[in-house]
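Take a look at the model below.

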Amino acid sequence: MTGVLLINMGSPLSKKEMRQFLFNMFSDKAILPFPKIPRTLLAFMISSFRHSGSWKKYQQIGGSKLKESMKLINEQLASEIGNDYIVTSAYSYSKPGIQQGVETLRDEGIKDIRIITMYPHSAYSTTESVKTDLAIIQKKYPELKITELGTYGENELFINYWVDNIQKAIDKYGYKHPTLVFSAHAIPQYNVDDGDTYVDEIKASAKLIADKMKLSYRVAFQSKIGKVKWVDPDTKDCLKSMRAEGIDEIMLVPISFVNENLETAYDQGIEIAPYGKEELGFKHICRVEIPASHPLLIATFKQLLIEK
């Protein structure tokens, strides 16, 4: 019997959980690369001051659907790969945590555990953070074989997953030949300077998708916070340039995510798309919504397991 642990960042389901979620996230050295004591103090301050406003954003999008999506992906993957596997989910900053997820499988007598993250592209703040946690757990339980199966941003099944999502949005909105704006979550520029390959991986995925659809595209980055320098271009700045070029049909594609979350439903749906329409005057701009699950996403994960 093999265990499969699906890992995501997590999501709060209440205002109280929102505060703890933010504290857990900003306590992570992969998010705030400072010594432990100042990092913990900063995490306390950020979570104390930001949790109320962040929770209001969740309320505006009808609450988080991430864990519902994870449950569905979990069930569909388990059904697809058969009885030789047990599939469960865990989160970096919510309950159940990653160690709890591993222990759940261990308590079932499973010693071979395969890890699939919901991050198609590697980044210090996501996949490397997970690997750090897994290394600690592996040291605690040396009898276990814990294998992280890697990223899948250029996997053909994953590319087809996005092609299908985009085509459905084109059909829904009646667009003729939209320009795709692949809007990924931004990362600090200092991570790229230190060798983080996230931006290059995002660009590689975007090209494969756009080329397959024979559509023009741009790559941009969103959801920046703080005063540090973030990777460019900012999504809103990208839209300004496109407006000046006379481009009108725009589709925002949340390429760095496989579940709806605050950065997709709120940042793209409530901030960026309305900004394009109301402030910049685009007549045709929308975001591509992420389905709770999708056969091609499940097929991507199945292929990762089989190839391993």
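Is Asn-165 buried or exposed? This is a predicted model, in which local features need pLDDT of at least 70, side-chain atom pairs count only at pLDDT 80 or more, and totals for chains, interfaces and linings use all residues. Residues are numbered from 1 along each chain as its sequence is written, and side-chain values use heavy atoms, with hydrogens and water left out.

Asn-165 counts as buried because its relative accessibility is 5%. Buried means under 20% relative accessible area, exposed over 50%, and partly exposed in between (1.4 Å probe, protein chains only). Asn-165 sits in helix H6, residues 156-173. Helices (H or I, at least four residues) and strands (E, at least two) are DSSP runs, numbered from the N terminus. Leaving aside residues up to four places away in sequence, Asn-165 touches Val-288, Pro-291 and His-294. Contact means heavy atoms within 4.5 Å.

Now the sheet. Four strands form an open sheet, ordered S2-S1-S3-S4, with parallel pairing. Strands S2 (85-91) and S4 (145-148) are the edges, each pairing on one side only. Two strands pair if DSSP finds at least two bridges between them.

Strand S1 (residues 2-8) runs parallel to strand S3 (residues 112-117), joined by six bridges. Here Leu-6 has Ile-116 of S3 as its bridge partner. S3 also pairs with S4, again parallel, over four bridges. In that pairing, Arg-114 stands opposite Thr-147 in S4.
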